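Here is a short report on charged pairs and strand pairing. Look at the model first, then read on.

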Amino acid sequence: MEMKILIINYKNLILGGIEHYLLYLIQNCLQKKFRIIWLTTDSPIVDNSFAKFVPRLEKVVVKRFGLKRFYKTPKIQINNDDEVIFISFSTYDFIFSERVCRKNKINAKLFYILPHFKGVNYYYEDCLKFGSVMYKIVVNHSKKFFNKLINNNSLFCFADKQVESINTRYDLNLSVEKIKIPPFEPVKNFDLPLVRCRFRSKPFTIISVGRFEFPHKGYLIGLIDAVATLIIDNYDINLKIVGHGPDKEKIMEKINSFPEYIKKHFIVLSPVSPLEIADVMNDVHMSISLAGAVSQAARNFLISVPVRHWSYSCECYGFLPESKANILSIEKGIDVKDIIKQVYKMDEASFILYSRKSYETFNLDIDQDFILNQKNVSLFRYNLIERISNSVFNSGVRLATFFSRKILKKYVY
């Protein structure tokens, strides 16, 4: 009997943009009676949001070897007539997924969901100096790699910015509609009584949800400074920061650097499941965040303001829907204090209007089955990692030969 199988190639299940997507995908697939295989490590980090789902996942441990940079291919038992969907979220993991399928003789639909617009985990050339000889060589191979994915309907993205990044880097002309994952989080009806209740609640409260990972989300440091400055200027404001990550200590150090009368206005909360985040937002007036947290807040009827990535100053882009294009942006923005003051001084009618505008920006038709319904053009596989490795090696040999001849010509001939 044919079984539907989802293979998730992802190490940890902690809260973040990818995990937000996975939470709803896992829930949806379990309801559809999928067998779900999770490729992970001996001791993965699992957030409480996934606690009730993990026992129902089939955990397959992937062992590392060498300098812990490479993975041994795990053995996976799958019947020939099973329908298999295999998803990965980094370039190396996608290459590894091809190897897993080849070694285990699995005919799977392979998908790479690209989560970011920069970073060496996704774009190998980012570890090299822009414009250098090696940079150009690696960009050329990356372009071939991404073209293969696109032609085989294997590449998808979470946001417009990632599509723009691929087009700019590799001189392509991809359309957003073709490869962008549609909304997957269920949409609620606009809750006017709740919005009115928020407006009347005291003190004025801001929320920011995200992973504590700097400098990528360094805006949190700038946001803390901005709120502290407003408190000194006699604004009665609280800031809720929800999340966790490797740089939590830096957040706590920043907060603890202020005197007690300021420090008490900052509330740092552990991660909250997307399924439960609405409860934490009940007394909140606005959200200041980036990426998926912008749309999450907007769907919960909050005035949601996107901020700049990769910056320790907190620069924002104004209100939705005008700022929608900047939910993933490194462009210079405006001082976040100006926007906070505007919302702080709003009358009830304006507060409701901007809350509704945020909500309507992301009140779109959802499709939780989108990735499940996709098909690769071909199930043909080839040893991509060895081809890339051999190509880079051959390019290195050619470069070495070229420079050797230059040296010999100058000093020997």
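## A salt bridge within a helix

In this predicted model, Lys-263 and Glu-260 form a salt bridge. Their closest N and O atoms are 3.6 Å apart. Both residues belong to helix α9, which covers residues 260-263. They sit three residues apart there, so about one helical turn separates them.

How open are the two partners? Lys-263 is partly exposed, with a relative accessible area of 24%. Glu-260 has a relative accessible area of 52%. That value is over 50%, so Glu-260 counts as exposed.

## Other charged pairs

Side chains of opposite charge can pair when their charged atoms come close. The structure holds 18 salt bridges. One of them joins the side chains of Lys-250 and Asp-247, at 3.6 Å from N to O. Lys-250 is partly exposed, at 41% relative accessibility. Asp-247 has a relative accessibility of 12%. Buried means under 20%, so Asp-247 counts as buried.

Which residue does Glu-315 pair with? Its salt-bridge partner is Arg-308, and the closest N and O atoms lie 2.9 Å apart. Glu-315 is buried, with a relative accessible area of 9%. Salt bridges can also share partners: Glu-125, Asp-126 and Arg-169 are joined into one network in this way.

Now to the strands. Is strand β1 largely enclosed or largely open? Strand β1 spans residues 4-9. Five of its six residues are buried, so the rest of the structure largely encloses β1.

Strand β1 pairs with strand β6, which spans residues 83-88. Six bridges join β1 and β6, and the two run parallel. Lys-4 stands opposite Glu-83 of β6. Strand β1 also pairs with strand β2, residues 35-40. Five bridges link β1 and β2, again in the parallel sense. Here Leu-6 has Ile-36 in β2 as its bridge partner.

## From strand to helix to strand

What kind of unit do β1, helix α1 and β2 make? They make a β-α-β unit, and it is right-handed. Helix α1 covers residues 17-31. The strands of this unit, β1 and β2, are the pair joined by five bridges.

## Recap

Lys-263 and Glu-260 pair within helix α9. Glu-315 is buried and has a relative accessible area of 9%. Strand β1 runs parallel to β6 and pairs in the parallel sense with β2.

Notes
Residues numbered from 1 in each chain as written. Predicted model: local features only at pLDDT ≥ 70, side-chain atom pairs only at ≥ 80, totals over all residues. Heavy atoms only, no water. Salt bridge = Lys/Arg side-chain N within 4 Å of Asp/Glu carboxyl O. Buried < 20%, exposed > 50% of the residue type's maximum accessible area, 1.4 Å probe, protein only. Helix = DSSP H or I, 4+ residues; strand = E, 2+ residues; numbered from the N terminus. Pairing = 2+ DSSP bridges. Right-handed = clockwise from strand over helix to strand, strands pointing away.
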